[in-house]
Amino acid sequence: MSNPRAAAPAEPYGEARSQVMSAPRFAAALAEISSWPGYARTPLVALPGLASALGLAQLHYKDERGRFGLRSFKALGGAYAVSNVLRRKVAAAKGLPLASLGSADLLSGAHDDLIRGETVTCATDGNHGRSVAWGARLFGCRCVIYVHETVSQGRRDAIAQYGAQVVEVKGNYDDAVRHAAQQAAANGWTVVSDTSYPGYRDIPSDVMHGYGVMAAEIGAQTPEPPTHVFVQAGVGALAAAICADFWIRWGERRPQFVVVEPLAADCVYRSLEKGEQVAVQGSLETVMAGLACGEVSDLAWAILREGANSAIAVDDRYALAGMRLFANPLAGDTPIVSGETGASGLAALLAVRDHPALAATLKLDASSRVLLLGSEGDTDPAIYREVVGRSADAVLAA
């Protein structure tokens, strides 16, 4: 669908949106995260063979598999929000200006007496919880992560390896979100979620500004803006962060912004269609585990309502086909290890290939320069091997 309320190219980002996400806060997140041990810019991979096969001028893939060893872009958001939670706690307890405390101060050991007494928590489909757990271990606080019934054992184990307690909740992702909030209130813990709702905005805003590091890196890696960017949406936090940064960065030269979702969990699509937030009910079951969300974050909606030019919901089989195509590249292209959610942008392009009428809706043609956000690699190696037929190491060694 084409969003009838999409902002015109010349419309400025504006003050109202800057209250949600802003250039100074994007810059602060980049400065902080780039100071962490192990930070490195992730690659922007050109895929000329695939671009040609799909009838595009250019195709690039931002490969987040190597991000801090977590195999997902989520390392940028949850861990950054954990650091800010702890910075605020220490500053308040010791009467220090917040600006005087950085991640290096948290890592120094000088405030361990306070940090060890804090517990962070969240609900997750897998990747966000891994980031929060990693951030908690990095900075030294406790962590409890809630997962819903269909989260794979591999993803649960990946969270637990960072020392977090992993607890299953009956129901879907949104049920787990509510349960995490209830438990946090009962135990005096802090929820570190990428989902915002009335009365809970500051921490999700931190998460989203952390995601903006991806956009900053892309801005430095490409000589000109893409004409189109396909961004996956669960609660919409990543999509909104990329949309906001590109709008601020490139103004009227910003790309056509396409939101991609699974058919079973298309809350952004339905919300754009109706012009107001719509909650999708049911199991939300999809192989694109990171996108199995039924409600759009309030903060994300404030950006995507007019920032998204179009949306597309795709069948799971396209995501699986995208994983296999990345792993078995066309002549001249680099093999890519992408999980189900990471392949969702390519899934949308494969759907367009099979249904050419969609190209007009998305304004795609032979001159299009398309950017895909490779949000995750093989976050569950067993599932990856089952889908692709061999391990990630074998794919990359081919």
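Guide: This is a predicted model, where local features need pLDDT of at least 70, side-chain atom pairs count only at pLDDT 80 or more, and totals for chains, interfaces and linings use all residues. Residues are numbered from 1 along each chain as its sequence is written, and side-chain values use heavy atoms, with hydrogens and water left out.

Visitor: Are Tyr13 and Trp247 buried or exposed?

Guide: Buried means under 20% relative accessible area, exposed over 50%, partly exposed in between (1.4 Å probe, protein chains only). By that cut-off, Tyr13 and Trp247 are both buried.

Visitor: What kind of aromatic pair do Tyr13 and Trp247 form?

Guide: Rings of Phe, Tyr and Trp (its six-membered ring) pair if their centres lie within 6.5 Å; planes under 30 degrees apart are stacked, over 60 edge-to-face, the rest tilted. Tyr13 and Trp247 sit 5.7 Å centre to centre, with 75° between the planes. The pair is therefore edge-to-face.

Visitor: How is the pair of Trp36 and Phe68 classed?

Guide: Trp36 is buried, as is Phe68. Their rings are 5.7 Å apart centre to centre, with 45° between the planes. That pair is tilted.

Visitor: Which residues form one aromatic cluster with Trp36 and Phe68?

Guide: Trp36 and Phe68 belong to one aromatic cluster.

Visitor: What is the handedness of the crossing where H12 passes H13?

Guide: A crossing is left-handed if the near helix is turned anticlockwise from the far one by less than a right angle, and right-handed if clockwise. H12 passes H13 in a crossing that is right-handed.

Key. Helix = DSSP H or I, 4+ residues; strand = E, 2+ residues; numbered from the N terminus.
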